Amino acid sequence: MLLCMAVSVFSFACSSEKTNTVKIGVIAELTGDMPAVGESCKKAAEMAVQEVNNAGGLDIGDKKYKVELFIEDNAGKADQSASAAQKLITQKKVHAIIGPNATRYAIPASEIAESSKVVLISPWSTNPKTTLDAKTNDPKKYVFRACFIDPFQGRVVAKFAMESLKAKKAAVLYDVASDYNKGIAEFFKETFEKSGGKVVAFETYTTNDKDFSGQLTKIKKASPDVIFLPNYYSEIPLQIQQAKRLGIEVPIVGSDSWGSQELLKLCGKDCEGYYFSTHYAADAATPVAAKFIEAFKAKYGAMPDDVAALTYDSFGLLWQAIRSTKKIDRQTLRDALAGIPGYEGVTGKMQFKEGSGDPIKSAVILRIKDGKFVYFVSANP
């Protein structure tokens with residue numbers, strides 16, 4: 001006991017062992033370019049941990065383990081995402097990490113987790129690169145996600161534009177410096193053109209740009225039937241407002257990066273009637289989702305967005321894996337998580353193929369109507 005008190009590192013280890021704790025880290029975008037995403041992640045993480053601890057903890061073997069949560073802010077920066085992962089792994093000695101959410105932050109953190117052989121689950125990062133080794137393109141062994149991936153989402157939006165909106169010509173405006181935006185734009189274009197449509201304008205900008213008038217003028221001249229904006233909720237209002245000032249009136253569709261309630265506050269009536277693909281519909285909830293929604297609303301007084309739902313599902317995956325083990329260490333947890341064939345969560349049923357951290361799951365299309373996100377249609381894999 002004296003030895004534990006004398007040296008802080010050993011003190012933490014002794015205390016953790018004595019009290020039987022599972023240590024989980026969270027990396028969230030609490031400040032920076034998308035604080036609404038980080039706040040949703042933080043709230044869902046705290047709720048998931050509180051529920052488990054209030055119920056007495058997790059059963060591992062014949063013992064009860066309480067969960068200790070460590071939350072790190074990556075400030076919306078790639079380098080801070082990596083350093084946050086390093087801190088959680090080496091200093092806090094976490095068993096697993098949830099987050100980051102945005103792809104451009106999840107990828108650098110996932111590389112640290114993979115090299116350190118520590119499980120990382122990104123709730124919201126849909127780009128394939130997150131779970132793939134950058135050198136070999138093989139699946140990473142310690143990195144998972146709770147969301148669908150962009151090739152599927154790109155196909156969903158392209159088919160929706162053609163089949164539901166009857167579009168034959170499409171235009172795209174996306175951030176060329178962001179793996180997420182660039183990837184989904186390319187998947188959309190590929191599917192739209194393979195299905196017989198034509199992408200008449202494929203315009204780019206760079207992160208933090210504010211003036212899109214040049215790109216939008218080219219888009220207007222191309223006369224598309226629909227415009228696809230696979231960009232973040234903080235960027236969309238300005239892009240749509242500038243499009244409207246130029247007299248662009250065709251339907252606009254987006255991707256899951258639209259899904260924050262902040263979009264409704266920032267965009268207002270300018271976004272009315274537009275559509276986007278996402279992970280779940282709160283107004284068409286399954287019993288599992290309805291239970292989560294009511295608990296979240298009771299705790300925070302607000303409707304949970306897709307990031308909150310996916311974060312909660314990420315913890316649910318962890319809990320399922322942990323409860324299937326007889327001891328808790330990083331490798332045992334990784335093996336248990338990799339062995340999960342399926343999971344029914346807030347955002348639907350997930351199926352995992354052996355050797356892949358990417359779940360097979362459905363998407364939904366929501367419409368912005370009367371200032372709310374409203375279920376429109378489901379899209380299955």
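Reader: Hi! What kind of model is this, and how are residues numbered?
Author: Welcome! Residues are numbered from 1 along each chain as its sequence is written, and side-chain values use heavy atoms, with hydrogens and water left out. This is a predicted model, where local features need pLDDT of at least 70 and side-chain atom pairs count only at pLDDT 80 or more, while totals for chains, interfaces and linings use all residues.

Reader: Which hand does the disulfide of Cys267 and Cys271 have?
Author: The disulfide is right-handed, because the torsion about the S-S bond is about 80°.

Reader: And is Cys267 buried or exposed?
Author: Cys267 counts as buried, at 4% relative accessibility. Buried means under 20% relative accessible area, exposed means over 50%, and partly exposed is in between (1.4 Å probe, protein chains only). Cys271 is buried too, at 1%.

Reader: Switching topic: how many aromatic pairs does the structure hold?
Author: It holds 16 aromatic pairs. Rings of Phe, Tyr and Trp (its six-membered ring) pair if their centres lie within 6.5 Å; planes under 30 degrees apart count as stacked, over 60 as edge-to-face and the rest as tilted. In one of them, Phe188 and Phe192 have ring centres 5.5 Å apart and planes at 20°, so the pair is stacked.

Reader: Where do Phe188 and Phe192 lie?
Author: Both lie in helix H7 (residues 179–194), four residues apart, about one turn of the helix. Helices here are DSSP runs (H or I, at least four residues) and strands are too (E, at least two), numbered from the N terminus. Both Phe188 and Phe192 are buried.

Reader: Nice! Last one: which strand does S15 join, and how do they run?
Author: Strand S15 (residues 363–369) is joined by seven bridges to strand S16 (residues 372–379), and they run antiparallel. Two strands pair if DSSP finds at least two bridges between them. Val364 stands opposite Ser378 in S16. The hairpin has two residues between the strands, and Asp370 takes a positive phi near 55°.

Conventions: Disulfide = S-S within 2.5 Å.
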